Amino acid sequence: MNFFRHRPLRLPTLALLIAVAGCSSADDSASAAVPSPGTKATKLCANLDKALPPKLDGLSREDPEPASTLTAGWGSPAIILRCGVVQPPKMVDPKVAEGSDPDAVAGGVNGVDWLMEKEDDGAYRFTTANRSAYVEVTVPKGRDSTGALVDLAPAVKKAIPEGIAD
């Protein structure tokens, strides 16, 4: 059962955690593992790639290697988007649903639901919930994620319909 369909979102907590980003050193070479989704998700991700903004929170689009319609990047160090990823295990974790996992929070930004997870290196990983394909956005430590998620919301809503991903 997908708890995101039935649980209220904790927007104040998500907003607080989104705003808690510091600074990190620059990394000129962005790379991202390309997901291997099924045919339906691949088509949705191709539509998302076409709808993505050229700038994200003021950062220019600079796609990671290897080039793929399933990945995108902005800035350096890069905010990385991967479309067609598998469902994160924490998305079905009861601790997240009840709000007792400090490293994972459910919330929404401009009509798009996200699971936010803090990574060991201080980065934040956001994965869409209640959409027909999972979209993952990794924001490096030190970068504010609020503007990025706001800027991505229209493209996600346009290209990835609401529903449960396969």
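**View 1. Surroundings of Ile160 in the predicted model.** Leaving aside residues up to four places away in sequence, Ile160 touches Leu44, Cys45, Leu48, Cys83, Arg131, Ser132, Ala133, Val135 and Ala155, where contact means heavy atoms within 4.5 Å. This is a predicted model in which local features need pLDDT of at least 70 and side-chain atom pairs count only at pLDDT 80 or more, whereas totals for chains, interfaces and linings use all residues. Residues are numbered from 1 along each chain as its sequence is written, and side-chain values use heavy atoms, with hydrogens and water left out.

**View 2. The largest nonpolar core.** Among its 32 residues, Leu48, Leu52, Trp74, Leu81, Phe126, Val137 and Ile160 touch the most other members; such a core is a set of buried Ala, Val, Leu, Ile, Met, Phe, Trp, Tyr and Cys residues joined through side-chain atoms within 4.5 Å, and buried means under 20% relative accessible area (1.4 Å probe, protein chains only). Helix α4 gives the most to this core, with 7 residues (helices are DSSP runs of H or I with at least four residues, strands are runs of E with at least two, and both are numbered from the N terminus).

**View 3. The disulfide between Cys45 and Cys83.** The two cysteines are joined with an S to S distance of 2.0 Å, a disulfide being a pair of cysteine sulfur atoms within 2.5 Å. The torsion about the S-S bond of Cys45 and Cys83 is about -80°, so the disulfide is left-handed. Because Cys45 lies in helix α2 and Cys83 in strand β4 (residues 79-85), the pair ties together parts that are 38 residues apart in sequence. Both Cys45 and Cys83 are buried.

Terms used. Buried < 20%, exposed > 50% of the residue type's maximum accessible area, 1.4 Å probe, protein only.
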